Amino acid sequence: MTNFYRVSTANMYDATLRNLNARQKSLVDLQENLTSGKRVVRASDDPVAAAQAERALTRISRIQTEQRALEVQRNAIAQAESTLGDAIGLVQEIRQLVVAAGGGALKPEDRKTYADQIQSLREQLTDVINRKDTNGIPLLGALGSALQPFAGPLSGSPDYLFAGLPGQAGSSGTAIATTLDGHSALMFDPRRDGVYQAGVSTIPADRSLTTSAITAVDRNQITGDGYRVDFTAVGPGATPGTTTATYTITNTATGVTSAPVTVPDFASDKPATIAVTGVPGMTFSISGTPAAGDAVTLQPSSSLMSTIDSAIEGIGGAANNNAATQAVGQALANIDAGMERLNNMRGYAGELLNRADRITGDQSQRSIQLEADRSRAEDLDMVQGISGFQNAQVGYQAALQSYAMVQKLSLFNFMS
Amino acid sequence: MSLLNVGARALLANQVALQTTGHNIANVSTAGYSRQSVAMQTVQGQFTGSGYIGNGVNVATILRNHNELLTRQAAAAQAVQAGDSVRSERLSQLQDVFQGGTSGLGAAITDMLNSLADVVASPNDITARTVTLTRMNEMAARMRSSAEQLQEIQYSVTEQLKNDATRINQLASSIAEANEQIARVRGNGQSPNDLLDKRDQLIRELNQYIQTTQIPADDGSVGVFVGGSQALVLGSTATSVSVDESQLFPGSGQMRLLFNRPGATPVELEEGMLGGGEVAGLLRFVNNDLAEGRNLLGRMALAIGTTMNYQQTQGLTLDGQPGKPLFSTPASIQGYTQGAAQGSIDLSDSSKFSPTKFAASDYEVRFTTPPAGQVVRLSDGKTTAFTDLNDLRGQQIDGLTFDFTTAGAAGERVLFKPFASAAANIQSLVYSPRDLAAANPVNAAMGTSNTGTLQLAELKAVGPALTLPPDGDTANTPPAFPGGIQLQFHAGPPATFDVVNQGAAPPTTVATGQSYTPGQPIQIDGWSITLQGTPQDGDTVTVGNALDPQYGDGYTRNAGNASALMQLRDVKMFDESTLSDGYAGLMAQVGTRTQSAQYAAKLSDSIASNLEASRTAVSGVNLDEEAARLIQYQQAYQASAKMLQIAQNIFDNLIQSMGR
């Protein structure tokens, strides 16, 4: 008899049992998927999806960390921006006082009062610019600084120092800088800014001699040295009613004196305006009635605070109106230059805050996308899961019932 | 008279048939039972003048329905199935060690590196540093505990192997006994069906543990061979096996099945030679899968430990000292060998190994013709040849340098397991928050008269040989030279820069005309600076020594090295995957192995069950068939009994008609 059609009873039961077990196992697995909500419970269910989900989780947690750091950075820059705002407010008040101190009818005592007021505002300014953030890092500390980035007033030259590493830290796609470049905001560099202070020697009360603001024409030529313009000879000119003047420019650092420059004749009855172009990189004009022996000294200003200090000295210690006018004129010009830099830096701080907002927007979008990736890789589609479970349940039930039924069929039942 | 004889014989024959059918029914569920059927033979006819008259029926023999080929095939398939399913079970256990999600080892590593962001935000905050050090400790603890779990699995597998070896020995001696019994009764002329069934069942059980080949001998015994050619049972003698570490690589933990021939050294059988069976599956698991799991974990521990240690030693602590290593990593790895070769891998000198090139594998150094030979990477068999020990010492194979002091003899093999113990022994070494080297050893300043838009994107120490920029002049005020290395830019286009050393007056130019690309790191003297923006002519950037007295304590508020540690997240470290993605790759690798083992187990399971169905189609008992045969033989018995009755009737008739 051929064995093709034979099946052993024990083997039949074994095979059915195995199938029942397999069905039950798959039912239990589907149930596990439903209760955990995950399609991929173990890595062996779908290794690629498990790895994708794990990577998505890593990236999500990294975005969370970056956002947290960004909040700290944003706070620091917001504080820095408000510090700059306070500084600008103080400097504006100082400017108004300087303008007021330039009034012609003031007596020296009044000017002394103004000078004291400006002094107190300048002290407040020094405190404001040395502010630190909640972690004790100076807000204007640039690339790294001492605990007080702005050191001064110091005796000796220069009178204000930036005790730190100038420069701005860059921002990236996920972070912004935490400090602003204080050197760029408040200090002057001769070549970068070309801010010079001009002072005149004491002029007797019957004459006047003042200078205009010193403007830079070619920054590359500026040496950063001090200069002195000495009027060597002032005398009647060729035409009657004119005066001629000659002056030399001396570089006080190197001691080199230029050749005498003769000013074209100017009318004696009106104050003259003499343009001085001999100083490398800068021009300014001297107006008034010069006499031999008058000197104009030019000093580079090291910072906005030095300018304010010079204003305080110049206004408070003005010997006469001429000196006061000179001091006020220089102060206004240089304070304006300083304010421009402060405003620039404040604008940059505002832009950094905007950048932080944009970064936050980008990061939250990325985060949503990554969560979607993770869910797609790992999570169970509930509808699919439930329908699969129902199918498996029905199949298992059918297998159980058929097993019970087949077992009843046997030839022994029909043998009497 | 002869009718009586025929009837009596028929009765007996049918009685035997009924008993045999009953025997079959009784043994319907006995494992390994081959159904027996009665082979009837007609008795030779007696020659008479009217022809050969038949003389009834005889039971010739009780046939054992049995197909040798199917039995052998079914046993072999069951062996393969046993091996695959035990390996699949154990791999599921292994997979559970490497869980993913927010409580897994990968999340611990990511959290540890992410916690450095708080240190970067506030470099002198002790709390942030403490949190980072705690997370490092936790990561090391998790790695150790994963390694311990792997060790537990190894231990339980070794125990199971030992138990299996004992069982194999028991079965082998039972088979030998059965062989003897069968040989003894062979002379009787009839086949000892039940003894044969018992022996076949023993062999089938043996195949669960180890796949065997059976060669029948002339005396009726069956020789059982394992590993293709080792005689486990020969006639009535059984040889024993045991499971132990390979003597070729003492101390390495590689397991082998040892075949203990009496009076000779044991023969080592590895899993490739064994075919199927639980022992083969477990050996395969221990020597390949568990080893790979351990190597993957160890490579992760070693790579993370050594790279973080390296970066930490580049930086400065809060007290201005160079950092000390964060994690304990093995200093050197010895090779395992039976012979005289002495070799090791040096892991203490950072110039001798490259963590980014590690491959998760064990290595064998084979001396083919000493001192030349080849290094084999065991995970995929890739070989690298070397000509002598200096040549071997001079090259880095997968980031490792093999340093041999003594070469081996010809044919000697030395096994290296560089990653086996890294995860079990990793400890966090830095406990004081001040000792976290968050500060950079160098700092940067832009020139104050810069008119371009240069900004500092990144500054860090990268090594390998970090030379700090020179200090400024401390003897004179004002200082005669400012110190540091200055980069002087030219606008171009293309933008270039010169490198000037300002350590003395006058400064010395180190390099000129280096090309500048915004956002590209510039590496000089072991530190690297990345700038953004476009320079104008005359713009400068000065890089100085952070501990230079002119900068005071600025380094305590610097967190550049902490940033550099965080950037390790993006270094490609594990086969082209970054450090933070390394664990996902590990999970996928172990998961893929487990999945393919599961498929293999399912496949071999279905093959085995099909073959078993085929075998039982020949040898198994079908109750309905036996019931039908019962009816058949019962009817025949009744007919035979009737025949006797008729014979008796005839005799009675004859006697009656004869008598008066």
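Biologist: How many bridges join β20(B) to strand β25 (residues 527-532) of chain B?

Modeller: This is a predicted model, where local features need pLDDT of at least 70, side-chain atom pairs count only at pLDDT 80 or more, and totals for chains, interfaces and linings use all residues. Residues are numbered from 1 along each chain as its sequence is written, chains are lettered from A and ligands numbered from 1 in the order written, and side-chain values use heavy atoms, without hydrogens or water. Strands are DSSP runs (E, at least two residues), as helices are (H or I, at least four), numbered from the N terminus. β20(B) and β25(B) run antiparallel, and the number of bridges joining them is 6.

Biologist: Which residue stands opposite B:Glu458?

Modeller: B:Glu458 lies across from a residue in β25(B).

Biologist: Where is B:Asp525, the residue with a positive phi of about 55°?

Modeller: The positive phi is found although B:Asp525 is not a glycine. Its place is in chain B, in the loop between β24 and β25.

Biologist: Is the peptide bond from B:Ala505 to B:Pro506 cis or trans?

Modeller: B:Pro506 sits in the loop between β22 (496-501) and β23 (508-515) of chain B. Omega of the bond from B:Ala505 is near 0°, and the bond is cis.

Biologist: Are α1(A) and α8(A) roughly parallel or roughly antiparallel?

Modeller: Their axes come within 9 Å and cross at roughly 160°; axes are lines fitted to C-alpha atoms, for helices over the stretch in contact, and angles run from 0 to 180 degrees between N-to-C directions. Angles under 35 degrees count as roughly parallel, over 145 as roughly antiparallel, 65 to 115 as roughly perpendicular and the rest as oblique. α1(A) and α8(A) are therefore roughly antiparallel.

Technical notes:
Two strands pair if DSSP finds at least two bridges between them.
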